[in-house]
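Trainee: Before we discuss the terms used for this model, may I see it?

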Amino acid sequence: MAKIKKWKALKREKIFEKYGRGLEKVTFEMPDKSKSGFYIAKTNQPVCVLALTKNKKVILAKQFRPGPNKILLELPGGMIDKAETPLKAMARELLEETGYQGNLKFVTRSYDCAYSNVYRYCFVAIDCVKISRQKLEKNEYAEVALFSLNEFRKLLKSGQMTDVEAGYLGLDYLKLL
């Protein structure tokens with residue numbers, strides 16, 4: 001059995017880029033010396049948070065998502081802006097999307113998928129309190145939804161939300177699985 005080795009990138013070609021997202025075609029030399037092209041999603045690095053109120057309600061954002069073409073419940077999050085740390089970005093995104101603020105702790109980074117450059121920075125926030133109204137960006141429309149831990153676990157198991165891995169990582173970190 002052959003040992004797995006890293007492929008050699010021979011050529012990179014930007015296919016598309018807009019709103020911090022893009023697509024790049026990368027031609028690799030394969031282990032058998034043939035050449036093959038792969039399309040890699042490129043994006044700014046995202047952050048997301050499992051946020052809990054003082055009475056252990058999970059704070060979610062309810063939003064329409066164009067990819068699956070449906071309304072989904074999501075962990076609050078967004079993209080890291082230039083010259084912003086992941087922690088600062090997470091605090092900003094939580095406040096903008098939900099109006100809540102809490103005690104943030106970094107959990108880990110996780111890959112988004114095998115055909116992307118994305119690392120998602122996963123956080124938990126505990127003892128969250130509502131301190132302001134939402135401050136949504138242009139083209140961002142979201143409602144805040146509060147779920148009990150049991151309701152949230154059922155939602156995670158259903159697979160009908162984004163950031164499922166970050167939800168489980170957060171619950172594990174907080175020893176709430």
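**Terms applied to the model**

Mentor: The crossing of helix 2 and helix 3 is left-handed. This is a predicted model, in which local features need pLDDT of at least 70, side-chain atom pairs count only at pLDDT 80 or more, and totals for chains, interfaces and linings use all residues. Residues are numbered from 1 along each chain as its sequence is written, and side-chain values use heavy atoms, without hydrogens and water.

Trainee: Why are helix 2 and helix 3 called oblique to each other?

Mentor: Helix 2 (residues 149-158) and helix 3 (residues 164-173) pack at about 140 degrees, their axes 10 Å apart. Angles under 35 degrees count as roughly parallel, over 145 as roughly antiparallel, 65 to 115 as roughly perpendicular and the rest as oblique. Helix 2 and helix 3 are therefore oblique.

Trainee: How many helices and strands does the chain have?

Mentor: The chain has three helices and 10 strands, as DSSP runs of at least four residues (H or I) and at least two (E), respectively. From the N terminus, their order is β-β-β-β-β-β-β-α-β-β-β-α-α.

Trainee: Which residues are closest to the centre of the largest pocket?

Mentor: Arg-21, Arg-65, Gly-78, Met-79 and Glu-140 are the closest of the 39 lining residues. The largest pocket holds about 1300 Å³ of space, and its lining has 13 nonpolar, 11 polar and 15 charged residues. Strand 2 (21-29) and helix 1 (86-98) are among the elements that each supply at least two lining residues.

Trainee: What makes a space a pocket, and a residue part of its lining?

Mentor: On a 1 Å grid, with a 1.4 Å probe, a pocket is an open set of points with protein on both sides within 12 Å along at least five of seven lines, and lining residues have an atom within 4 Å of a point. The second largest pocket has about 290 Å³ of space. Of its 13 lining residues, Trp-7, Val-26, Phe-28, Ile-40 and Ala-114 are closest to the centre.

Definitions and conventions:
Axes fitted to C-alpha atoms, helices over the stretch in contact; angles between N-to-C directions. Left-handed = near helix turned anticlockwise from the far one by under 90°. Points joined across faces, edges and corners; volume = space filled by probe spheres on them. Nonpolar A, V, L, I, M, F, W, Y, C, P; charged D, E, K, R; others polar.
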